[in-house]
Amino acid sequence: MSSPEIASLSWGHMKVKGCSSSYKDCKVWPGGSRAWDWRETGTDHHPGVQPADLEEVLQKGVATLVIGRGMSEALQVPSSTVDFVIQRGVELIVLQTEKAITEYNNLVGQGAKVGGIFHSTC
């Protein structure tokens, strides 16, 4: 099962190939996607992405996880979150969201077991 491509990105809006709805922030993994609702885990720009934000995607058996920090990289990724991913043996790529989506889509095109979480505004 392959990961869905991100079809388009603009401020506050992402489309995932094969999905009829659009997202402000999203999670993607082999075979699926859904909205990333920060309220579920109490995430905010500071301290940033929490391990609980990543758990669902990591449980899908991804080898690589891509995090998009926002258009202006306002979303932080604390070292504790980085350590959480690395301890699970998953490669982590953290980039500005446009660059993160380019990298993610490249990995999808290579058939990699890749997942991602992307923030589409600041």
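Modeller: Let's start with a term: two strands pair if DSSP finds at least two bridges between them. Keep in mind that this is a predicted model.

Biologist: Okay, so what makes β2 and β3 a pair?

Modeller: Strand β2, residues 13-16, and β3 have two bridges between them, in the antiparallel sense. The cut-off is at least two bridges, so they count as paired. Within these strands, K15 stands opposite S22 in β3.

Biologist: Which strands belong to the open sheet, and in what order?

Modeller: Three strands, ordered β1-β2-β3, with antiparallel pairing.

Biologist: And why are β1 and β3 called edge strands?

Modeller: β1 (6-10) and β3 (22-23) each pair on one side only, and that is what the word edge refers to.

Biologist: What lies across β1 and β2?

Modeller: Helix α3, residues 97-109, and α3 runs at about 175° to β1.

Biologist: Let's turn to α1. How do you know that its buried residues line one face of the helix?

Modeller: The buried residues of α1 (51-58) are D53, L54, V57 and L58. Looking down the axis of α1, you find them within an arc of 125°, so they line one face. In general, an α-helix has 3.6 residues a turn, so residues three or four places apart point the same way.

Biologist: What covers those buried residues of α1?

Modeller: The cover includes β4 (25-29), β6 (64-68), α2 (79-87) and β8 (114-119).

Biologist: What about C122?

Modeller: For the sulfur of C122, the closest cysteine sulfur is in C26, at 16 Å, which is also too far for a bond.

Biologist: Why is C26 called buried, but C122 partly exposed?

Modeller: Buried means under 20% relative accessible area, and exposed means over 50%. C26 has 0%, so C26 is buried. C122 has 26%, which falls in between, so C122 is partly exposed.

Biologist: What does Q96 touch?

Modeller: Leaving aside residues up to four places away in sequence, Q96 touches R69, G70, M71 and E73.

Biologist: How do you know that Q96 and M71 make a polar contact?

Modeller: A polar atom of the Q96 side chain lies 3.1 Å from the backbone oxygen of M71, and the limit for such a contact is 3.5 Å.

Conventions
Residues are numbered from 1 along each chain as its sequence is written. This is a predicted model: local features need pLDDT of at least 70, side-chain atom pairs count only at pLDDT 80 or more; totals for chains, interfaces and linings use all residues. Side-chain values use heavy atoms; hydrogens and water are left out. Buried means under 20% relative accessible area, exposed over 50%, partly exposed in between (1.4 Å probe, protein chains only). Helices (H or I, at least four residues) and strands (E, at least two) are DSSP runs, numbered from the N terminus. The arc is that of the directions from the helix axis to the C-beta atoms. Contact means heavy atoms within 4.5 Å. Axes are lines fitted to C-alpha atoms, for helices over the stretch in contact, and angles run from 0 to 180 degrees between N-to-C directions. A disulfide is a pair of cysteine sulfur atoms within 2.5 Å. A polar contact is a pair of N or O atoms within 3.5 Å; within protein, one must be able to donate a hydrogen and the other to accept it, and residues adjacent in sequence count only if both atoms are side-chain atoms.
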